[in-house]
Amino acid sequence: MSIAEFQRAFADLIASPERCVALRDGRTDVLADYDMSPREKRRLETMVHHEAMSVNCSLYRVNRLIPVYSVLPHSCRLLGDRLMDELDAFWAASRHATLQYRWESWRFGLWLEERIATRRLPGGPVEDAIRLEMAMFDVQAAQRDGKSGSRRRVVLLRYDPDELLDPAIPAEELQPLASGVTVLIDARGNQLSVRRIDDTLEGRVA
């Protein structure tokens, strides 16, 4: 048996429920790109019909969702019904998953920004949320000795940060500010804070 090719095909099936469904429906061309024996192909054709395969696919998606949602909860919330479509498209385009929270969420954030820039995804408050949440995560992840980046970050926003991070306010009710706002994200203390640079307002971010 060509173990490496069999394992690669198996992993790709777990990463793509669509491929599993296609193979269940008799689309054996799904396995055409893998150098496997007829016996190995028949084994995979049998495996995709087992209920455990659906569990494997679900666990794979959950494991990839956890880092994204942990770092970008408000970005995910503001995407609303578009979230799962964007995640499916991102996962299909990026097979190499990583459980490193920063890099998986960063890649998804870049994916969304590119989709917005090319007008395949509406922009608006989600753009600010991505920028703000990635900066918040970066300053908290930085070492206090400064060797892995600063624990302070300046971010320019078009939306009010207090409203942006308020889960009680629906995305459609958020309105851009007349001139935008510059905020300082500071993780040097015991609690992360976001302070408006142009005034004395300061809010603590959970």
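Residues are numbered from 1 along each chain as its sequence is written, and side-chain values use heavy atoms, with hydrogens and water left out. Because this is a predicted model, local features need pLDDT of at least 70 and side-chain atom pairs count only at pLDDT 80 or more, while totals for chains, interfaces and linings use all residues.

**Exercise 1**

Work out where R151 sits and which backbone oxygens its side chain reaches.

*Solution.* 
- Start with the place: R151 is in the loop between α8 (125–141) and β1 (152–157). Helices (H or I, at least four residues) and strands (E, at least two) are DSSP runs, numbered from the N terminus.
- Next, look for a charged partner. R151 is buried but has no salt bridge, and the nearest side chain of opposite charge, D186, is 6.7 Å away. Buried means under 20% relative accessible area (1.4 Å probe, protein chains only). A salt bridge needs a side-chain nitrogen of Lys or Arg within 4 Å of a carboxyl oxygen of Asp or Glu. Lys and Arg count as positive, Asp and Glu as negative; His and the chain ends are not counted.

**Exercise 2**

Find out whether V68 is buried or exposed, and what it touches.

*Solution.* 
- Locate V68 in helix α4 (residues 51–71).
- Read its relative accessible area: V68 has 0%, so it's buried.
- List the neighbours: leaving out residues up to four places away in sequence, V68 touches P73, C76, L87, E104, S105 and F108. Touching means heavy atoms within 4.5 Å.
- Finally, compare sequence with space: V68 and R102 are 34 residues apart in sequence and 8.4 Å apart, C-alpha to C-alpha.

Notes: Buried means under 20% relative accessible area, exposed over 50%, partly exposed in between (1.4 Å probe, protein chains only). A polar contact is a pair of N or O atoms within 3.5 Å; within protein, one must be able to donate a hydrogen and the other to accept it, and residues adjacent in sequence count only if both atoms are side-chain atoms.
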